[in-house]
Amino acid sequence: MDTSRLSALYARATGRPPQNIVELPSSGSNRRYFRLVADDAPSLIGVIGTAKAENSAFIYMARHFASKGIPVPEVLAVSDDGMAYLQTDLGDSLLFKEIEKGRATRSFSAQERELLVKTIRQLPDIQFAGAEGMDFGMCYPAVKFDERSILWDLNYFKYCFLKATGLEFDEDRLEDDFQAMAKVLMRTDTCTFMYRDFQSRNVMIRDGEPWFIDFQGGRRGPFYYDVASFLWQAKANIPDGLRHELLGEYLDSLHKYYPIAEEEFMATLRHFVLFRTLQVLGAYGFRGYFEKKPHFMQSVPFAIANLRSLLDKPYGEYPYLNELLGRLVNMKQFTDELARKSLTVKVLSFAYKKGIPNDPTGNGGGFVFDCRAINNPGKYERYKPFTGLDSCVIEFLENDGEVLDFLDSCYRLVDASVARYVERGFTNLMVAYGCTGGQHRSVYCAQHTAEHIARKFNVKVELVHREQDIDQTFNVKE
């Protein structure tokens, strides 16, 4: 690509030509980004766009936001034809990368949480202070979030994702619900700036603070949209607990502009979360199914998981869409992926004299509880023919009482781990109980633990009484 315009702009801005121009990795758009460097001169980012109006939107918004004290890159020079410009170089530290470990494990460190809090607390400033005095006529490709743009995005989902899955549906009934959703979303129109693609890939971290980029697609629209975009970004993988915490931070920051009760806010937000999820699935379908870009297909399971979670509370306003999406998330191509990522808890009983069971998953094992301090029925001749599954042994152990206190302590540890494993997307946990012979105490404890987990958590539980050669499986509840 001809970068001579960028070289000329760099020389104009710094007083010397660039010594090196390196193209940066592209994202989902057709815009090209370059880093221009020279000795004793600042590194700058050069941008070559394909649409002058899009460039103009970014340049205008960047200068407008900067005047409001919002941290955005400064535009330093623009080519005469408006197709290229230079901006300050914010470095290479994307928020998306800075929270990489948290995204992978769903256990976000204090530092990662702090960056997310700083980012979400600045969003109301962009939306409200950023809207003050803004000429929305400069927005590209649309001036405002309206019914046409809503239906455009919903049909993007229908044609680029839904149809590509092969799922059969009634198009007339679906369009009726699309119209209903558009009416619900339009009830919340506010004269605020809607970033539209407010997500962790569009936030740079510089000196520990968030800076905002790629806002050129913004327009006038409701503030709910950006909250949904950020907190339900598919690959951000934010767990429910942290998401609720960040929603609280947003509402606290929003209060200075727009006081609103949390219950009212959440009742409206859920519709925007559904809409945004459908929109991004449409984008993933287009970029993945049609443009054959694997990066976007890798995000589909995360978006489907978000959608599956949303449907736990049905959307009665859109009955056919709600039913159709239920069928969508349960398609084999998506449930197979879910099964690969769902948790299986393996509970075992064993005899110490025959060794602690190996972990076949390669994860190195898990909990091993020693039951030998509990009063042993095996000392008594009448219990020797029986196991911890038989009523006489169960009665002996429970009347003694030691085993009940012991299991209560075990449950507290195991329950906490199961909950965290589910939240973090782990797939295997092993819980083993050992006693002298693997016949009475360990069998009782393993059996009751497996039944307890199966009742409390919607996970698969595999129970193995090793010395008794007994297996049992508790499957995930449909």
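Mentor: Helices α15 and α17 are roughly perpendicular to each other. Please bear in mind throughout that this is a predicted model.

Trainee: Why are α15 and α17 called roughly perpendicular?

Mentor: The axes of α15 and helix α17 (residues 441-456) cross at roughly 85 degrees and come within 11 Å. Angles of 65 to 115 degrees count as roughly perpendicular, and therefore the term applies to α15 and α17.

Trainee: Which residues of α15 and α17 meet?

Mentor: On the α15 side they are I394, L397 and E398, and on the α17 side R441, Y444 and H448. The residues of this contact divide into three nonpolar, one polar and two charged.

Trainee: What makes α15 and α16 roughly perpendicular?

Mentor: Helix α15 (residues 391-400) packs against helix α16 (residues 402-424) at an angle of about 80 degrees, their axes being 4 Å apart. The range for the term is 65 to 115 degrees, so α15 and α16 are also described as roughly perpendicular to each other. In this contact, L397, E398 and D400 of α15 meet E402, V403 and L404 of α16. Those residues divide into three nonpolar, no polar and three charged.

Trainee: Let us turn to salt bridges. How do you know that D81 and R5 form one?

Mentor: The side chains of D81 and R5 meet at 2.8 Å, N to O. The cut-off is 4 Å between a side-chain nitrogen of Lys or Arg and a carboxyl oxygen of Asp or Glu, so the pair qualifies as a salt bridge. In general, side chains of opposite charge can pair when their charged atoms come close.

Trainee: Why is the pair of D81 and R5 said to tie together parts that are apart in sequence?

Mentor: D81 lies in the loop between β4 (75-78) and β5 (84-88), whereas R5 lies in helix α1 (residues 4-14), so the pair ties together parts that are 76 residues apart in sequence.

Trainee: What makes D81 and R5 partly exposed?

Mentor: The relative accessibility of D81 is 33%, and the value for R5 is 32%.

Trainee: How many salt bridges does the rule give?

Mentor: The count comes to 26. A network of salt bridges links K158, K163, E171 and E175.

Trainee: Why is T268 called buried?

Mentor: T268 has a relative accessibility of 18%, and buried means under 20%, so T268 counts as buried. T268 is placed in helix α10. Leaving aside neighbours within four places in sequence, T268 is in contact with T188 and Y224.

Trainee: Which residues have the most contacts inside the largest nonpolar core?

Mentor: They are F265, L274 and L328, in a core of 94 residues. The largest share of this core, 10 residues, comes from helix α10 (residues 262-290). Not counting residues up to four places away in sequence, L328 touches F157, F161, L162, T165, L167, L307 and F334. Apart from this core lies another, of 32 residues, among them Y383, C410, Y433 and Y444.

Terms used:
Residues numbered from 1 in each chain as written. Predicted model: local features only at pLDDT ≥ 70, side-chain atom pairs only at ≥ 80, totals over all residues. Heavy atoms only, no water. Axes fitted to C-alpha atoms, helices over the stretch in contact; angles between N-to-C directions. Helix = DSSP H or I, 4+ residues; strand = E, 2+ residues; numbered from the N terminus. Parallel < 35°, antiparallel > 145°, perpendicular 65-115°, else oblique. Contact = heavy atoms within 4.5 Å. Nonpolar A, V, L, I, M, F, W, Y, C, P; charged D, E, K, R; others polar. Core = buried A, V, L, I, M, F, W, Y, C linked by side-chain atoms within 4.5 Å. Buried < 20%, exposed > 50% of the residue type's maximum accessible area, 1.4 Å probe, protein only.
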